[in-house]
Each structure stands twice: as structure tokens, then as C-alpha cells.
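Colleague: Before we talk about rings and cavities, could you show me the model and explain the terms as we go?

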Amino acid sequence: MRRTAVGVGVVMALLATGTTAAHDPDGQPPPDNGSPTDTIPLVTGDRLAPRPEGGYTVIAADGARPGGYLSYSGPDGAPLLVPAEAAEDVAVGRLDHRLFDPAWLAGHGYAGATELPLRIEDASGTRREDVPVDDAEEFWNDWTETADASPDARLLLDDAVAEVEPLSATEDEGTEVTVHFAPPEGQPFDSAQINLQHVETGETWYIRGGTEGVGTGALPQGEYYGIALIESVLDGGGTGFALVFQRLKVGAEPVTVDVGGDRLQQLTFDTGRRGVELRAMELRLQMNYAVSGSSMSFTVIQSGPHRYYTTPTDEKVVDFAARPLLTDAFDAEGLTDVQYNLAFWQESGIPEDLDFVTKDSQLARRTVEYAHTGVPGLVLREDYARLTPTNNSAYVVPQVPVALPSTRTEFFTADPAVEWHRGAQVYGTSDPDRTSRYTGSLRPGRGTETWGGGPLGPALVPTVYQYALSRNEDRILGVAPLCSSPEGFEYGHATAVGEAVLYQDGQEIARDTWRPEAVSIAIPEGHREGGYTLSVSVHKQQPWAGLECRSQAEWTFESATTSDYVPLDLSVVRLDATGVRNGEARAGVPQLVTLNVERQGDQARTRSLGFEVSYDDGATWQRVPVVRLGETGLAAIWPPRGADNVSTRITATDDAGNSVTQTVVDSYRLR
């Protein structure tokens, strides 16, 4: 089967940031936000997969949503993620905005939900319908037909609903404003929208272009900053996307403004490598100015043969960012061998020169081996350049299919202002296992790395991510990725079972068995400070892996009630061994084992490090001497001929009194 070379759901996002989060009408704090491994269902049938660095990846029900998504600030101030075809109905209150509020849905128990409780209001009356998540796409298609035929119909979550304030510019709210949208280079007009924010009040409005590229609305008087998106039709297929910053003053008299046209310039990218072409792109404009604690941005994320345009400006209130993904030519299976992950940006304006040129010598170059521990297959790779401190979206990141096994050449922008967040997920599964890596800022030069394979063992989620094992008030939350390869951390719940148990003074005080590899434990009253033992175990058996990883980590640590997320004082020992490739090594051959202690929370020092090995699935264990070099240990093992796999048990203590014991059965195979 041919694979799509670059796959993303289309996103066009207008985000208001820095605003207050959505709140429950009765003022009660929301319950647990659910597990990071749980997807959040939308009424469209699409799902939102939480990303460890924040935000969500959209998993479209049918592979891609026509027209994509808009994201903008809802009535409660929280960013919404709305299908383009539903944006107007949400704005005027026909659709409950909370149906598209990821934070609200997660905070009110909808992460991992199997049903959506809905209330339908139409000419026949009011009725409740509990829609199974698996049937949501079919329900949504039926609803859109109903809404087209019945303009007064409303679709709401079935609970107390506050009336939704209209967000569109209506005829009776102020001065008439007419906007003429003009595509670049005389291209045929497709659609357009301008989003305007009042400089003093922070109120946000939008005006859409009609079939002829003209939009009209009424706005309160005052000064506005705005960002417009203009879409046009390209000869031979594809779309032209133009993002434009616009300043607007509205007085007592009608206003007419021209947006786009001859002022638009195309963005181009040149790496100097023959045959490399633009495959996907995130183009983002963000306005930053002090008003009501908020700002506004508009993002276009697309894959395919499109063109991108903007208008250079030295306006200080707008920031520019472009994240192009370029690859070499597709092979017969839709795969590539070379990939460029780039980032270009400017604070306080849009660059005068939009022809971006880079050389391989300026970039971080990686020769990447993609290993596999079972049958060959595919993973979907994604890389996001996070700019510090702002101008980031990461709602949808382009995914590139990569064969297992294979070797590729990948380039990355090397700059201290760019942090790389990278990931991979198993292709073709609704609840995939994910591998994530935080590589931070990169330097120019060559390097090598491996994804997948083994040995498998526990890891810690870096504390730059929101899923690090943490204490928040009187709850322990986070991901414990117990079957991770030596680089990165891997988690998911496809085919996995497990539990997390919390002890104090040798007594079990709480247990969570619902979400494998994710921890969500409420600490009961009377046990909310002191010493704890947290034991997390998982058993994973995936057809694409070949390794039946059974892993357990047991941590001892001190903790007390916190007012916010505070990483626990934990450590793990990452194990690697010479000769292991694609998750297996040769039996009867000596191996040098490296033990690296990684730590989060208080930075104590390792006091002791112990290592045992088993060649019979943990039935018997052999102690192995370890040579310590600071936070690293070295050991030598000699797997006997006839053994099928290597299992490991490692213990470590630090000078603060914390400890970890981690046991992995079937860490890697022997042949």
C-alpha cells in the first residue's frame, strides 16, 4: 500500500493567549485532567492526542478534515479548536463552544470518554442523545445536514450552559467596515477572513470574505490590529495561503480597507541540495502588545503543493515565524531519504527578504538509524521547532512516514533560540505507542542517533514537559515510560496492562490500575506528607515490537503538599549494551554495558549502583560487578549460547536517601 509522504490534518489557527482558563459555572475546581495517554474526543469524530510539550495532535476521523480547523479565544478566554465548517455556528452560539475546548473537555472528565452527552434543540423540541465516540463522525455528518435545513437548531453539551456571546461582526454593533481581500499574483479567489482585536478592550471580531472577496461587518469605534488569511486557487492544483498583518481605525463613518494584492510576497526556501522540495509548512503571525493580558495569532499548517505569502512590515506589534519541512523525492512507497526541519523567525516585524537560503554547514546534520524489535513496519515521525519564549502553536505537526528498519539523513536549524521537540508513533493504530525526545537547542555539525530497538527499560519524562512525574497539591500525576529504548522516552497504552501503587510506612494507601504507563493517584488524607514508595509496573506485548517487555520501577522519596506541579525527586538508570541492534544481540559474545543515572527534582548525587542480569526470564539472577564513574557505571556480561533474551535488575540510591529499583524482563533478544 502506498503511504502518504507527509500527512497532517490542516490547521488554520487564531489563538488568543495569556487569557484566563475556562471555568466551571458553579466555581468548583475541575476534576483530574485524565491521563496523557487518553485522547480527547470531539463531536466531529476527530480526536485530540495530548502532546508532552503541551497542545494536542489532531487525529482526524477520516485522515484529514476538509478546510481544517480554526482556533481562537472562546467566551471563557480559553483557546478553542473548531472545524472550519463549524466556525460560524460556534461564533453565533448554535454550537456549544465547549464541544471544541480541549482544556475544558480534559478538565471535566472527557479524556478517554466513550460517550458525549449532547442536547439537541430544534423545531421538534429539545432532546438528549448520548453519542458513542466511535459513532461521532456519523452523528456530526447528520447534524450538519440538520443544521443546514433548520437554521434555529442548536447542539449543546447536556449540562448547565451559559449563553455564548457572538464573535462575528454583526450589523447593529457599530460602524460598517468593508474589507476587499485580494489574492497574490492575480490568482482566483477562494476564501478569506480577517480577525481583528480592539487595541483597548481586547475584544476580538472576524469578518469573512464573500464569493467575490468582499466582506462586511460592523465594529465598535476604536483602533484595531488584525491578521487576515486569504486563500487562492493555484494553476495545476494546490492553494495559495497568504497571512497579512493589518492596522485599522474605525470611527463614526463607514470604513473600507484593502488587504493583500500586489503587496504580497511569496516565501521561498533554498537548501542548495538538488531535488529537495517544500512538503509542509507552518506559517504563523503573532501580535504581541499589552491589552487585557492577551495577544492574538493566526497560524496556517499545511502539507502538499502549496504556496505561502505575506507582506513585509516593520510593525513592532507583530512577530513572524515560518517552519518549513523539505524532503528529497518520494520513492515508490512514498518514502524519502533526506529531510530538512527548519525554522525562520523575526520578532517585531515581518522580514523584508522572504527568500530564505541555508547551507548544510549551518545546520545540525544527523545520520539516523531507525531500528525495530519485531516485524518491519512504519512509524510516523514529527519534529517541532519551539521558539523561545513565544510564537509557538504545535497543535498539528507534520508527520513523515519512516520505514523500520532504515537509515536517513536529517537536518535541523541550529540556533540557541530553537528547542527541538521530536516524536514518533506507530503507524496505523488508533491508540499508538509514542516515542518522544527533547533534544533542546542543537549546534551545527554532524552526529548519529538511533530510534527504536533496545535495550528496553524505564525512563523519565524531561521536566520541560508537562508529563514529568510530579506532585500537584495532593495528587501524583505523570507518565512513567517503563519500556523505553536508550534514547528518548516511549509511552502509550496499546496492548499494555499495568498498575501504579503508592505505599507509606509499608502500607498501601492508593492504587491506580486504569491507565498503563500513566500515573494519577490521589493521596488520601492523613498520608499527605513524609516518605513514600511508588511502584509502577507495565506489561507490553505489541505485534510490531517482538519484545514482551515486563517492566517495574519502585521509587522511594520524600514529598509534601504543593501548590502547583513540582517534579518528584526520582531517578532512573538508562541501560545500553554494545552489540545490540534492532533490539537483539548475539549470544555467546561478551558485551559492555553502560548504566547512566538520570535524575529529576533535587539534584542529589548517586551513592550506590547495583546491577543483576537474568537469561531465563527472571527465574534466576546473577550479580554483575559495576565500575562507577560519577553518575555512570560500566559492567561486562557474557550471555550464554542458547539463551533467548536478556533481563535486567538495577538498584540505585542517592545521598538524599532516595532510591530506585527497576526490573525489566525481556529487555532485548539474543540470537
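**Cavity lining and aromatic contacts**

Modeller: The strands β22 (318-327), β23 (338-341) and β27 (377-387) each contribute at least two residues to the lining of the largest cavity, strands being DSSP runs of E with at least two residues, numbered from the N terminus. This is a predicted model, in which local features need pLDDT of at least 70 and side-chain atom pairs count only at pLDDT 80 or more, while totals for chains, interfaces and linings use all residues. Residues are numbered from 1 along each chain as its sequence is written, and side-chain values use heavy atoms, with hydrogens and water left out.

Colleague: Which strand gives the most to that lining?

Modeller: β27 does, with 5 residues.

Colleague: Why is the pair of tyrosine 225 and phenylalanine 245 called tilted?

Modeller: Rings of Phe, Tyr and Trp (its six-membered ring) pair if their centres lie within 6.5 Å, and planes under 30 degrees apart count as stacked, over 60 as edge-to-face and the rest as tilted. Here the centres are 5.9 Å apart with 40° between the planes, so the pair is tilted.

Colleague: How do you know that tyrosine 225 is buried?

Modeller: Its relative accessible area is 9%, and buried means under 20% (exposed is over 50%, partly exposed in between, with a 1.4 Å probe and protein chains only). Phenylalanine 245, at 10%, therefore counts as buried by that rule.

Colleague: What makes arginine 437 sit over the ring of tryptophan 451?

Modeller: The charged end of arginine 437 is 4.0 Å from the ring centre, and the rule asks for NZ of Lys or CZ of Arg within 6 Å of the centre and within 35 degrees of the ring normal.

Methods:
Helix = DSSP H or I, 4+ residues; strand = E, 2+ residues; numbered from the N terminus.
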